[in-house]
Amino acid sequence: MNSITMQLVADRYIRLALEEDISSEDVTTNAVMPEERLGEVDLICKEDGIVAGLPVFERVFFLLDPKTEVEFFVKDGDPVKSGQRMAVVRGDIRVLLFAERTALNYLQRMSGIATYTHSVAELLKGSKTTLLDTRKTTPCMRIFEKYAVRVGGGSNHRYNLSDGVLLKDNHIDAAGGVKEAIEAAKKYAPFVRKIEVETETLDMVREAVEAGADIIMLDNMTTEQMKEAVRIIGGRAKTECSGNITRENIRKITELGIDYVSSGALTHSAPIMDISLKHLRVLR
């Protein structure tokens, strides 16, 4: 996530998160720290994992006070250990306290996703299968969660509905069938957009291949069905499998020659990483 993206897109959501947490004032902080005082606090990792979201963590403080300084000892994508000091934050103590929870919420959530994604991606090493996320993200957190997936070693599927054509079961029902849905998409979508179709049976796979789909998703199929689907497709389209794919069952996919595997669990089921701001010190 570069600085341009941060200012164009992420800042809007970070500001909303800060406004959610500070609707009028931080009563507690204003009571114990009525005036500006310089201080610093340590960012401590409390469990092993992969860190992600450090630029977002820093941005939370910066938006409240551009004079805040964050000195990092790690970077996004680094493995971290329980007890490790990852950064020190210096600035107005009131700002450190105002921003603490919001900044940690982003960092914990993103690091948890990166850690879980890394553990799944490791299971696909040595295979031809690329790990993808889905649009099953927390509302207004998509830009952060999909970034965390990439940091953890995964890749992104569509960012939103404008990115590409994905004909799912309800689209197919609305169009009247697989062939009809693909034909309608080819007429409407710009030629630069790939057309992906979700299939649930081998008959749907055959129809999608004949209709010229670019990507065929094998949804909630058994291992035997996916193996036969790959044979039917025969390289005429890219293949993706989806449907309740988790760390526990993904290994069976690696031997089938599937091009992509998408897992909503990367974003909707990853636990947060336990991270804290500790040992606040008054400097002057």
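1. Helix α4 contains 31 residues and runs 44 Å from its first C-alpha to its last, close to the 45 Å expected at 1.5 Å a residue (expected span: 1.5 Å times one less than the number of residues). Helices here are DSSP runs of H or I with at least four residues, strands are runs of E with at least two, and both are numbered from the N terminus.

2. This is a predicted model, in which local features need pLDDT of at least 70, side-chain atom pairs count only at pLDDT 80 or more, and totals for chains, interfaces and linings use all residues. Residues are numbered from 1 along each chain as its sequence is written, and side-chain values use heavy atoms, with hydrogens and water left out.

3. α4 has a kink of about 50°, centred on E100 (bend: the angle between axes fitted to the seven residues ending at a residue and the seven starting there). Of the 31 residues of α4, 23 are buried (under 20% relative accessible area, with a 1.4 Å probe and protein chains only).

4. The largest pocket holds about 390 Å³ of space. Its lining has 22 residues, with T134, K136, K168, S242 and S262 nearest the centre. A pocket is an open set of points on a 1 Å grid over the protein atoms alone, where a 1.4 Å probe fits, with protein on both sides within 12 Å along at least five of seven lines; lining residues have an atom within 4 Å of a point.

5. The second largest pocket holds about 330 Å³. It is lined by 14 residues, and A17, E20, N105, Y106 and M141 lie nearest its centre. α1 (3-21) and α4 (93-123) are the elements giving two or more residues to this lining.

Notes
Points joined across faces, edges and corners; volume = space filled by probe spheres on them. Buried < 20%, exposed > 50% of the residue type's maximum accessible area, 1.4 Å probe, protein only.
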